[in-house]
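Let's take a walk through this protein together. Have a look at the picture below, then read on.

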Amino acid sequence: MGLLIDGVWHDQWYDTAKTGGRFERQASGFRNFITADGAPGPSGEGGFPAAAGRYHLYVSLACPWAHRTLIMRALKGLDAIISVSVVDPFMGAEGWTFPAPDPVLGKTRLHEVYTAADPTYSGRVTVPVLWDKARGTIVSNESAEIIRMFNAAFGAMTLVSDDYCPAPLRAEIDAINQVVYDEVNNGVYKAGFATIQAAYAEAVGVLFRRLDALEDQLSRHPYLVGDRLTEADIRLFTTLVRFDAVYVGHFKCNIRRIADYPALFNYLKALYQHPKIRPTVDFTHIKRHYYESHKTINPTGIVPVGPFQDLDAPHDRGRFAAS
Ligand SMILES: N[C@@H](CCC(=O)N[C@@H](CS)C(=O)NCC(=O)O)C(=O)O
């Protein structure tokens, strides 16, 4: 893994020495918005109108941030409107690579997609990336914003009117997203990538106190916000579904498993069994990516066989159905 400096690729692992052994995630570099009419969004430039076939999404099936965008694309009926390329699960010296030249730019490495947009780009080369075929540039590499665009901008070209971030719930969704991001989605990485004991222990403590609170909340409510499926649930799901398979062992988040939390585990199974969500989950990519790529954590690259976990087993979330 590595990063671009002035458009040149350098193979290097995260430098936690500068941050006292703590992992700090870098802010995303491309922050434009697709809108229905191409008007500017909350950040970046305008000129990215919703259009069928114009935009291409680069993802890893292993990555929880990219996974959000695949789920929103499926829920919003955008499969035929936004095309997708999937990177190889192994992220090595060249960073993310494609198993074959990508169909849009003919590149074999994701960092070449970044330099196609900006030949002097400096920063990490992350998935997801939303590419504009018409302007030949990156719209955004920030998943939180890509899912908002997918939810809001393409209404005129699909039959799906479901809104996963309705205006009356937005403040509550933003508030829970912030906590879940900091303590759970990114919390597992803070634990796993810490290089001093105290930073690891602090992150794990915060993570499990939050999981305990979420267990309590989800034992009383079907979803995180407004008793309906929203963006907040999608963002929690992508961490929960990886938790027992990867984060418990690889990132040492092992105080409890999700399977040990009755409400969280049933909620996870219910979301997994959603017909639009299930096809977006790929446990082979998930396990191979983390265990094979993070050689500082798992030098042998051996991928564990277990755990056995049947996410298709019955769940009890039907108890919240309106009577
Ligand atoms: N803020 C970004 C984070 C994306 C991210 O960190 N993706 C990881 C994969 S899970 C990545 O590509 N990492 C490569 C690297 O850091 O070099 C988002 O949510 O879109």
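This is a predicted model: local features need pLDDT of at least 70, side-chain atom pairs count only at pLDDT 80 or more; totals for chains, interfaces and linings use all residues.

## A sheet, some helices and a ligand

Residues are numbered from 1 along each chain as its sequence is written.

Strand β3 (residues 55–59) is joined to β4 by 5 bridges, and the two run parallel. Strands here are DSSP runs of E with at least two residues, helices are runs of H or I with at least four, and both are numbered from the N terminus. Two strands count as paired if DSSP finds at least two bridges between them. In general, strands of a sheet pair through backbone hydrogen bonds, either parallel or antiparallel.

What is the order of the strands in the open sheet? The 4 strands go β4-β3-β6-β7, with mixed pairing. The edge strands, each pairing on one side only, are β4 (82–86) and β7 (137–140). Neighbouring strands of this sheet are turned by 35 degrees against each other on average, direction ignored.

Here are the pairings side by side:

| Strands | Sense | Bridges |
|---|---|---|
| β3 and β4 | parallel | 5 bridges |
| β3 and β6 | antiparallel | 4 bridges |
| β6 and β7 | antiparallel | 3 bridges |

Now for the helices. Helix α4 (residues 170–185) packs against helix α6 (residues 197–220) at an angle of about 130 degrees, with their axes 8 Å apart. That makes α4 oblique to α6, because angles under 35 degrees count as roughly parallel, over 145 as roughly antiparallel, 65 to 115 as roughly perpendicular and the rest as oblique. Axes are lines fitted to C-alpha atoms, for helices over the stretch in contact, and angles run from 0 to 180 degrees between N-to-C directions.

Finally, the ligand: 13 residues surround it, and the closest are C63, W65, R124, T126 and S143. A residue is near a molecule if its C-beta atom, placed from the backbone, lies within 6 Å of it.
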